[in-house]
Amino acid sequence: LSYNASSISSWYMGLLEWSPLLTKTVTTATIGILGDTTAQYFETKALESAKQEKMCESTSTSTNAPPSWLHNYDRRRGLAYFGENILISGPLLHFAYNFMEHILPTSFGGRSAIFAALGQALIDNFVLDTIFLAMAFTSTGIAEGYVREIPAQFRKDFVPTLMMGWVAGLCLMPVQFCLFRFLPLSLRVLGVNMIDVFWEAYVSYMIHRRRREAANEQ
């Protein structure tokens with residue numbers, strides 16, 4: 001097991017050396033679609049549970065088990081989220097983290113590195129997350145055919161989602177600080193993405209909540 005982990009680590013580091021931008025964007029997109037899949041899973045389970053309760057209230061006869069959640073998986077939504085991460089969020093993370101390290105270097109050590117890592121964590125949480133969320137609302141709306149609904153969804157859901165994201169970011173601030181302080185620059189995108197899986201799931205849920213309700217009403 002340790003040998004396999006070492007081999008995977010060496011393989012990933014080789015990919016980072018060969019093409020850092022491509023490797024980071026694919027990593028971001030993969031973890032992003034994992035978050036969206038998690039959101040879709042829980043959304044489908046909640047919908048099935050609600051339907052079962054209504055059916056039990058209306059009839060005492062037995063019914064067939066509902067289909068697997070994969071049967072209801074929204075492929076267009078998944079592709080839209082994957083595309084947003086691989087075309088927008090992934091490249092933005094790569095260049096933004098490089099720029100942050102340039103203006104707030106953590107390589108000098110000592111107290112300056114501590115303040116630099118803290119500054120990078122704050123920028124990531126309050127500035128980059130705001131940009132990512134706005135991009136996600138816009139790009140997935142375009143890709144999924146909800147262009148007209150984008151302004152209304154911004155008014156209703158953007159600020160509550162952003163506030164929750166900031167709260168979650170503050171809770172994870174110690175972890176983010178350690179990532180920016182001790183991880184090499186090439187691995188920071190991967191490190192932040194790994195702790196953001198549930199954040200990705202929450203964002204996907206909030207983005208698609210009203211879209212899913214509208215689709216179910218049709």
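Biologist: Which residues of helix 6 are buried?
Modeller: In helix 6, residues 173-182, the buried ones are Met173, Gln176, Phe177, Leu179, Phe180 and Arg181, where buried means under 20% relative accessible area, exposed over 50% and partly exposed in between, with a 1.4 Å probe and protein chains only. This is a predicted model, in which local features need pLDDT of at least 70 and side-chain atom pairs count only at pLDDT 80 or more, while totals for chains, interfaces and linings use all residues. Residues are numbered from 1 along each chain as its sequence is written, and side-chain values use heavy atoms, with hydrogens and water left out.

Biologist: What covers the buried residues of helix 6?
Modeller: The cover includes helix 3 (75-103), helix 4 (110-143), helix 5 (150-171) and helix 7 (188-195). Helices here are DSSP runs of H or I with at least four residues, and strands are runs of E with at least two, numbered from the N terminus; by that rule the chain has eight helices and zero strands.

Biologist: What does Phe180 touch, leaving aside its neighbours within four places in sequence?
Modeller: Phe180 is in contact with, among them, Tyr97, Met100, Ala117, Arg188 and Val192, contact meaning heavy atoms within 4.5 Å.

Biologist: Which residues have the most contacts inside the largest nonpolar core?
Modeller: They are Leu93, Tyr97, Met100, Leu128, Phe180 and Val192, in a core of 14 residues; helix 3, helix 4, helix 6 and helix 7 each give two or more residues to this core. A nonpolar core is a set of buried Ala, Val, Leu, Ile, Met, Phe, Trp, Tyr and Cys residues joined through side-chain atoms within 4.5 Å.

Biologist: Why does Gln40 count as buried?
Modeller: The relative accessibility of Gln40 is 1%, which is under the limit for that class, so Gln40 counts as buried. Gln40 lies in helix 2, residues 20-58, and its contacts beyond the neighbours within four places include Asn72, Tyr73, Arg77 and Arg212.

Biologist: What makes the pair Asp36 and Arg77 a salt bridge?
Modeller: A salt bridge is a side-chain nitrogen of Lys or Arg within 4 Å of a carboxyl oxygen of Asp or Glu, and the N to O distance for Asp36 and Arg77 is 2.8 Å, so the pair qualifies. The two residues lie 41 residues apart, Asp36 in helix 2 and Arg77 in helix 3. Glu43 also forms a salt bridge with Arg77, with the closest N and O atoms 2.8 Å apart, and Asp36, Glu43 and Arg77 are linked in a network of salt bridges.

Biologist: Why is Arg77 called buried, and why is Glu43?
Modeller: Arg77 has 2% relative accessibility and Glu43 has a relative accessible area of 9%; both values are under the limit, and therefore both residues are classed as buried.

Biologist: How do you know that Arg209 and Asp157 form a salt bridge?
Modeller: Their closest N and O atoms are 3.1 Å apart, which is within the cut-off, so the pair counts. Arg209 in helix 8 and Asp157 in helix 5 are 52 residues apart. Arg209 is partly exposed at 25%, whereas Asp157 is buried at 0%.

Biologist: How many disulfides does a search of the whole structure find?
Modeller: The search finds zero, a disulfide being a pair of cysteine sulfur atoms within 2.5 Å. Cys171 is exposed, with a relative accessible area of 60%, while Cys178 is partly exposed at 38%.
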